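Please look over the sequence and the structure shown here before reading on. The report that follows takes up individual residues, then domains and chains.

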There are 2 protein chains.
Amino acid sequence: MAFEKNETVRKLKEIEAKRSALAHASGLLYCDGVTVAPEDSTEGRARTTGILSAMEYELAASPETQKLLDELEEHLDELDEQERREVKVLRRETSKITKIPAEEYMQYSMLVSEASDVWIRAKNRNDYEMFAPYLEKIIAANRRMAQLWNPDDEPYNVLLDSFEEGLTMTACDEFFRTVRREIVPVIDKIKNVQTPHEPFALRNYPIEGQEKLALRLMELEGIDPRRCVLGTTEHPFTSGFNNHDVRITTHYHENAFLSSVYSVLHEGGHAIYEMGGDDRFNYTCLYGGASMSIHESQSRFYENIIGRSRPFSDRLLQECRVLFPEQLSDVTEEAFYREINRAEPSLIRTEADELTYSLHVMVRYEIEKRMIDGTLPVAKIPEVWNDLYEEYLGIRPENDRTGCLQDSHWSGGMLGYFPSYALGSAYGAQMLARMEQQVDGLWQAVAEGNLTPVTSWLHEHIHQYSALYPPMELLNRVCGRFDPSYYTDYLKTKYTSLYHL
Amino acid sequence: MAFEKNETVRKLKEIEAKRSALAHASGLLYCDGVTVAPEDSTEGRARTTGILSAMEYELAASPETQKLLDELEEHLDELDEQERREVKVLRRETSKITKIPAEEYMQYSMLVSEASDVWIRAKNRNDYEMFAPYLEKIIAANRRMAQLWNPDDEPYNVLLDSFEEGLTMTACDEFFRTVRREIVPVIDKIKNVQTPHEPFALRNYPIEGQEKLALRLMELEGIDPRRCVLGTTEHPFTSGFNNHDVRITTHYHENAFLSSVYSVLHEGGHAIYEMGGDDRFNYTCLYGGASMSIHESQSRFYENIIGRSRPFSDRLLQECRVLFPEQLSDVTEEAFYREINRAEPSLIRTEADELTYSLHVMVRYEIEKRMIDGTLPVAKIPEVWNDLYEEYLGIRPENDRTGCLQDSHWSGGMLGYFPSYALGSAYGAQMLARMEQQVDGLWQAVAEGNLTPVTSWLHEHIHQYSALYPPMELLNRVCGRFDPSYYTDYLKTKYTSLYHL
């Protein structure tokens, strides 16, 4: 039978549209659940989410979808660049699903759903024993899935690749070795010259003012409020359904106003990326960004590289003073800049500063490797976790709640996901070097509160392409080969100057 | 092949669970769109809604569903009461869908989606001509669908029945004739003794205080905040996904605080009904109440019969004074009660008082009858609308914006829906008569701000059953045969006393 290109591609787009509609519905259910839904509504939402995910499985595994992909793969040379990439991404995604028997897929969905509930309770009660049997099953299931997905590679490589196309343990090992070698000495030096928190950081900032500040920060970031709205939740996140419908969230603490400031800048960075993809990627499997690490490179760019830079810091202080004149009356620009960049070994990843952040990720990476290759029994995880914190950061958690129970990822079945956080930070530093070469007056504009040159550059080189290129290829196109020394140099220069080391 | 009851019923429940999940997702998309979604996100939401509705069609029309229903219908006597009703309701629903060819169904969905957008613009511009071609098509499509659904009955009867099982033009004509005969003379008398608005009603009530008042009213109504939350929107509504997940909405106007007060009491009444259904109806086609008119009987019960009663009025004034002491310092209980019950012919249905409300509905009913039987051309609707307002209410709209373009129903394809609003009010009055016979100390409790006796009675007789009984059968079980004189007597007694007629 002759290959009817137009008709076959039309059918492909139809499948992608269905996939995108189911993702929109599930994503909205999630957003709703953690922002405005009534407290006791969990059960109904879990049921609906389960049924929608079964529909996603059916769609991916259906003979029609598979036949269509087979047919298109035989005629790749007749497709344009975007169509070829859609076929590749959809094949990658559906084969991850279809290689797992339907029954196992459903059982795994139920396992992680239950494990997530148990994890929250275990964390609140500081009870690792309670969570351990679930983690045991999740590890076993991931090892098995990795073998089904690709029996020819080491399971942890397969898991890394599933979150970040092309990522390997070899690459991660090299990256983290460099980070550790370069950064740990800086952290050690800072310990000897550390000063207390600035008093302003601990004062009371009423929520109402913080809400206004959050909207002002979104405005400064250039976020179009007709396409992106802000909500409130416990653990901030960003959700995008298409480039005209993005949600960001933050949380407010009266005695720690900087927490929301940097949440908004971070999630705002994700949102700008989600809104920056070309219209042609909406409702296709290419919408939403190249990968998790590229996404983090963008969010952490706005949060840290711009948001914690001296030019932006001075401007930010001005903005904060408009809303909190009393609390900030006695603060100098220097003191403000030092406080937002205070570096100190700590126990909680999500609250870590820019300098120590990657070491938190490294602890998790080392543990995951050993979990998956079978050399670390589940019962030993808390001890090894604490040992690694002591080794890398020089402090030891006193309990599992602030230790190995702090993150949700494992309970949600996300093993192999953490390295993207650190890689994203490193990609951002390399992008900055290129941006500084190419954009005249970059920091002058930032000092004036004008982020347009930053966003325009990122849009031209990153955002517009969404997932058209695999993450590493995208980075190569913009900055050449990945080189972690941009990142370590950036951190060393910044912190040597900040702490007069 | 032998009939395997358990297995067949299990499959039925599975289909209902899917249907319920799709309804949950679509319902949430709607809620999101009119409360928190970004302004420019309409297109993506319309696409997702369209795809989910196609999935609903597929599920209803699938040979599996049809075969299952056939099989169960052959063995009705082996099913319990709830199972039999599920089969009946699901058959009614799926046959409405499957009698329309898939292509026509999709085209109609697209038509009403487009017409809704056009209607909003037409209303804002006061441009009936703009909307007329869409209304023309919607009327034609409804006439055709009515014939497909039931070729043996008059089309408008079929449409009435589709919203309210068993409702006919004969029943509506009789009902509205009674209402008109009894109520119009009362309205005429009031015209001669009308006094101006009380000054307090027009004062400024800051939104923040109104928000607190709304939450306090929900508390007074006995609404569990872990199952039901309040949002803000332009046109208030209630959505329920299961008895643990209900959303109500309101709107705030600084210079008309009573608007939100009565919105909250009204939507709260819907919410109490949605939360009051037994757990066994969750995720089945019986969840959500017996019908639109029974639903309105509940919402209008809390809004009017309780909410505008003298005992509640006095209590409400106390509650409002806590939050607005200045604005309400000079108001007597008598003046407050008169103001919340002020009756006056007006142009907008949703803002009409309890006395004139049914006449607004009657205008729409008379027009719909003639639309559907083909005796009223679309071009003539504005004129006939205005004539009927003049005839029934004694005032004539000056433009179509406050005339026949005011309601969204026709643009959404809902022809035959309006009568339920008036019927609901009448059912409520009949329920009140029975409640007063059966509940000792009813009004004493209400005066103390205790609505538990009201809600308990409604729960016992109405709420717990959800859609287990057809609406008229439910009413019969509680109150005997429907008799509109309860309603007209209730209104005549109340307004004769209020206006000293």
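In which loop of chain B does B:Tyr283 lie? B:Tyr283 lies in the loop between helix 10 (257-276) and helix 11 (292-306) of chain B, where helices (H or I, at least four residues) and strands (E, at least two) are DSSP runs numbered from the N terminus. This is a predicted model, in which local features need pLDDT of at least 70 and side-chain atom pairs count only at pLDDT 80 or more, while totals for chains, interfaces and linings use all residues. Residues are numbered from 1 along each chain as its sequence is written, and chains are lettered from A and ligands numbered from 1 in the order in which they are written.

**Two residues with positive phi**

Most residues other than glycine have a negative phi. B:Tyr283, however, has a positive phi near 65°, and a positive value is also found for A:Ser466, near 45°. The latter residue, A:Ser466, sits in the loop between helix 18 (452-461) and helix 19 (471-479) of chain A. A residue is called buried if 20 or more other C-beta atoms, placed from the backbone, lie within 10 Å of its own, exposed if 12 or fewer do, and partly exposed in between. B:Tyr283 is buried because 24 other C-beta atoms lie within 10 Å, and A:Ser466 counts as buried because it has 26 C-beta neighbours inside 10 Å.

**The domains of chain A**

The domain assignment, which is automatic or taken from a database, divides chain A into domain 1 (5-152) and domain 2 (169-498). Taken over C-alpha atoms, the centres of these two domains of chain A are separated by 27 Å. Their contact, counted where C-beta atoms placed from the backbone lie within 7 Å, takes 33 residues from domain 1 of chain A and 31 residues from domain 2 of chain A. Helix 6 of chain A gives the largest share of the domain 1 side, ten residues.

**The contact between the chains**

Between the chains, 30 residues of chain B are in contact with 30 residues of chain A. On the chain B side, two or more residues each come from helix 1 (5-34), helix 2 (42-61), strand 1 (228-232) and strand 2 (238-242) of chain B, and helix 1 of chain B gives the largest share, eight residues.

The table sets out two sides by residue class, with Ala, Val, Leu, Ile, Met, Phe, Trp, Tyr, Cys and Pro as nonpolar, Asp, Glu, Lys and Arg as charged, and the others, Gly among them, as polar.

| Domain 1 of chain A, touching domain 2 of chain A | 17 nonpolar residues | eight polar residues | eight charged residues |

Note on methods:
Contact = placed C-beta atoms within 7 Å.
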